[in-house]
Amino acid sequence: MVTAVLKRMGYEPRFRLLPWKRAYRTVAEGEAAMLFTFTKNPEREKDFFFTDALAEIEVIFFKRKADKITWETFDELKNYRIGYVDGYNYGSSFMEAIREKKFSRPDMLGASEMADYQQFLKLSGKRIDLAVCVKSEGLHLIRNNAPAFDDLDYIDKPVGPARGFFCGFSRKWPDAKSLRDRFDKEYGKFKAEGKKAAIFDKYGISASAAPC
């Protein structure tokens, strides 16, 4: 979808897949034009001009099917081993719970291209009890790693409100704000023509899920 919109703007994009923190730093420092896709917060807006939302994401806990874990408040999860990835923005509710040390057994994994996959390996191997992940990403991992992850499912309760997934143009890239505005214009046309919906249908992604 991002490729299609950039080509409509007259560009032939070149993509690099990097560990999250390195990717963020590379683009924030102006060594590349765009970072995608990620959530928006005031700190990130200091480094980027954000596009319109490409999708919405829902962050949930994944667990082993055999474990009958439910929750209403984070306090109920205090004694579980909670897996999460360093540098990811899981939403204000979860991030505040981490800062306030509501979980007595947090298990932080360093950011990398395979971080969520590694989290699910740890979950399946009983090294953690719960893994925080974007719902669509987690389901994608389970579907595409059968039978290794057949023993995993999720708790159908979000850790916070659904949030947008965006592209961000580096404020240090020449004419970044103009690029963002042009992207949004072409993206609006792209959606109106039904091409976004066609891509989501092709990959079995619901309109309210992030294309991870």
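A cavity is a set of grid points where a 1.4 Å probe fits but cannot get out, and its lining residues have an atom within 4 Å of a point. This structure is a predicted model, and the count comes to one cavity of 30 Å³ or more. About 40 Å³ of space lies in the largest cavity. Its lining is made up of V59, Y90, G91, S92, S93, V159, G160, P161 and R163. Sorted by class, the lining has four nonpolar, four polar and one charged residues.

Next comes strand β7, which covers residues 130–134. Five of its five residues are buried, so the strand is mostly covered. Which residues lie on each side of β7? L130, V132 and V134 are on one side, and A131 and C133 are on the other. Both faces are covered, since each of these residues is buried.

Strand β7 pairs with two other strands. Strand β4, residues 59–64, is joined to β7 by four bridges, and the two run antiparallel. Within this pairing, I60 has C133 as its bridge partner in β7. Strand β5, residues 81–85, is joined to β7 by two bridges, and here the strands run parallel. I82 stands opposite L130 of β7.

Helix α5 spans residues 115–124 and contains K122. Is K122 buried or exposed? K122 has 9% relative accessibility and therefore counts as buried, because buried means under 20%. Leaving aside residues up to four places away in sequence, K122 touches D107, L109, R127 and I128.

The loop between α5 and β7 holds K126. Phi of K126 is near 65 degrees, which is a positive value in a residue other than glycine. K126 has 56% relative accessibility, so this residue counts as exposed. A second residue of this kind is D175, whose phi is near 55 degrees, again positive in a residue other than glycine. D175 is found in the loop between β9 (163–170) and α7. D175 is exposed because its relative accessible area is 62%, and exposed means over 50%.

The backbone also has cis peptide bonds. One of them runs from F36 to T37, with omega near -20 degrees. T37 has its place in strand β1, residues 34–38. Another cis bond runs from A146 to P147, with omega near 0 degrees. P147 is placed in the loop between α6 (135–144) and β8 (152–155).

The remaining topic is charged side chains. Side chains of opposite charge can pair when their charged atoms come close. In this model the count comes to 20 salt bridges. One of them joins D86 and K21, whose closest N and O atoms are 2.6 Å apart.

E43 counts as exposed because its relative accessibility is 51%. K46 has a relative accessible area of 56%, so K46 is exposed as well.

A further salt bridge lies within a helix. The side chains of D181 and K177 meet at 3.7 Å, N to O. Where do D181 and K177 lie? Both are in helix α7, residues 176–192, and they are four residues apart, about one turn of the helix. D181 is partly exposed, with a relative accessible area of 36%. K177 is also partly exposed, with a relative accessible area of 43%.

Salt bridges can also be followed through a group of residues. Which residues are linked in a network of salt bridges? The network consists of R8, E186, K189, E193 and K195.

Conventions. Residues are numbered from 1 along each chain as its sequence is written. This is a predicted model: local features need pLDDT of at least 70, side-chain atom pairs count only at pLDDT 80 or more; totals for chains, interfaces and linings use all residues. Side-chain values use heavy atoms; hydrogens and water are left out. Buried means under 20% relative accessible area, exposed over 50%, partly exposed in between (1.4 Å probe, protein chains only). Contact means heavy atoms within 4.5 Å. Two strands pair if DSSP finds at least two bridges between them. A salt bridge is a side-chain nitrogen of Lys or Arg within 4 Å of a carboxyl oxygen of Asp or Glu. On a 1 Å grid over the protein atoms alone, a cavity is a set of points where a 1.4 Å probe fits but cannot get out, and a pocket is an open set with protein on both sides within 12 Å along at least five of seven lines; lining residues have an atom within 4 Å of a point. Grid points are joined across faces, edges and corners, and a volume is the space filled by probe spheres set on the points. Ala, Val, Leu, Ile, Met, Phe, Trp, Tyr, Cys and Pro count as nonpolar, Asp, Glu, Lys and Arg as charged, and the others, Gly among them, as polar.
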